[in-house]
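The briefing below goes through one protein chain topic by topic, with the sequence and the structure to hand. Please read it alongside the display that follows.

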Amino acid sequence: KIGRSEKIVFSSLNEGLITAKIDTGAFNAALHVDEVKIIESGLQIRIKNNTYIFHKWSEVEVKSSNGKVQKRYGVKLKMQLGGKKFRIFTSLTNYF
């Protein structure tokens with residue numbers, strides 16, 4: 001059974017336990033980051049004081065429930081939830 005929010009770990013990132021809001025109507029996961037940009041060596045994201053670089057990423061269009069379309073970058077991350085491990089596609093957003 002899954003609740004409205006769950007504790008998860010992105011083992012690809014060094015952020016520890018994260019409280020994830022569960023959206024049963026969403027097609028993919030979204031990760032809120034402090035900064036996302038393309039640099040020479042790849043896609044760089046910053047979460048708090050930690051910086052991560054990805055060499056593989058995608059550009060995606062995400063449509064909100066009100067119909068607004070937003071272009072985002074997305075990456076594949078390893079995630080742990082309830083003792084199970086998953087590899088999921090995650091769009092990155094720094095809009096709150």
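This is a predicted model: local features need pLDDT of at least 70, side-chain atom pairs count only at pLDDT 80 or more; totals for chains, interfaces and linings use all residues.

A residue counts as buried under 20% relative accessible area and as exposed over 50%, and it is called partly exposed in between. By that scale Arg-46 is partly exposed, because its relative accessible area is 30%.

**Salt bridge**

- The structure holds one salt bridge, which Glu-35 forms with Arg-46, and the closest N and O atoms of the two are 3.6 Å apart.
- Side chains of opposite charge can pair when their charged atoms come close.

**Largest pocket**

- The largest pocket holds about 1,500 Å³ of space.
- It is lined by 43 residues, of which Lys-21, Asn-28, Ala-29, Ala-30 and Leu-31 are the closest to its centre.
- Two or more lining residues come from each of the strands β1 (5–10), β2 (17–21), β3 (29–32), β5 (42–47), β7 (58–63), β8 (69–81) and β9.
- Among these elements, β2 gives the most to the lining, with five residues.
- Sorted by class, the lining of the largest pocket has 22 nonpolar, 11 polar and 10 charged residues.

**Second largest pocket**

- In the second largest pocket there is about 160 Å³ of space, and the residues that line it are Phe-54, His-55, Lys-56, Trp-57, Ser-58, Gly-74, Val-75, Lys-76, Arg-87 and Phe-89.
- Both β8 and β9 supply at least two residues of this lining, and the largest share, three residues, comes from β8.
- The lining of the second largest pocket divides into four nonpolar, three polar and three charged residues.

**Nonpolar core**

- The largest nonpolar core has 17 residues, and those with the most contacts inside it are Phe-10, Leu-13, Leu-31, Ile-45, Phe-54 and Leu-92.
- At least two residues of this core are supplied by each of β1, β5, β6 (50–54), β8 and β9.
- Ile-45, one of the residues with the most contacts inside the core, touches Val-33, Glu-35, Val-36, Asn-50, Thr-51, Tyr-52, Phe-54 and Leu-92, when residues up to four places away in sequence are not counted.
- Leu-31 is named both among the residues with the most contacts inside the core and among those closest to the centre of the largest pocket.

**Ile-8 and Ala-20**

- Ile-8 has its place in strand β1, and with a relative accessible area of 6% it falls under the 20% limit and is therefore buried.
- Leaving aside neighbours within four places in sequence, Ile-8 is in contact with Gly-16, Leu-17, Ile-18, Ala-20, Met-79, Gln-80 and Leu-81.
- The C-alpha atoms of Ile-8 and Ile-22 are separated by 11 Å, the two residues being 14 residues apart along the chain.
- Ala-20 is found in strand β2 and counts as buried because its relative accessibility is 14%.
- With neighbours within four places in sequence again left aside, Ala-20 is in contact with Arg-4, Ser-5, Glu-6 and Ile-8.
- Ala-20 and Arg-72 are 52 residues apart along the chain, and their C-alpha atoms are separated by 19 Å.

**Thr-93**

- Thr-93 lies in strand β9, which covers residues 84–93.
- Is Thr-93 buried or exposed? Its relative accessible area is 2%, so Thr-93 is buried.
- Beyond its neighbours within four places in sequence, Thr-93 is in contact with Leu-31, His-32, Val-33, Gln-70 and Arg-72.

**Lys-48**

- Lys-48 has its place in the loop between β5 and β6, where its phi is positive, at about 55°, although Lys-48 is not a glycine.
- With a relative accessible area of 59%, Lys-48 lies over the 50% limit and is therefore exposed.

Key: Residues are numbered from 1 along each chain as its sequence is written. Side-chain values use heavy atoms; hydrogens and water are left out. Helices (H or I, at least four residues) and strands (E, at least two) are DSSP runs, numbered from the N terminus. Buried means under 20% relative accessible area, exposed over 50%, partly exposed in between (1.4 Å probe, protein chains only). Contact means heavy atoms within 4.5 Å. On a 1 Å grid over the protein atoms alone, a cavity is a set of points where a 1.4 Å probe fits but cannot get out, and a pocket is an open set with protein on both sides within 12 Å along at least five of seven lines; lining residues have an atom within 4 Å of a point. Grid points are joined across faces, edges and corners, and a volume is the space filled by probe spheres set on the points. Ala, Val, Leu, Ile, Met, Phe, Trp, Tyr, Cys and Pro count as nonpolar, Asp, Glu, Lys and Arg as charged, and the others, Gly among them, as polar. A nonpolar core is a set of buried Ala, Val, Leu, Ile, Met, Phe, Trp, Tyr and Cys residues joined through side-chain atoms within 4.5 Å. A salt bridge is a side-chain nitrogen of Lys or Arg within 4 Å of a carboxyl oxygen of Asp or Glu.
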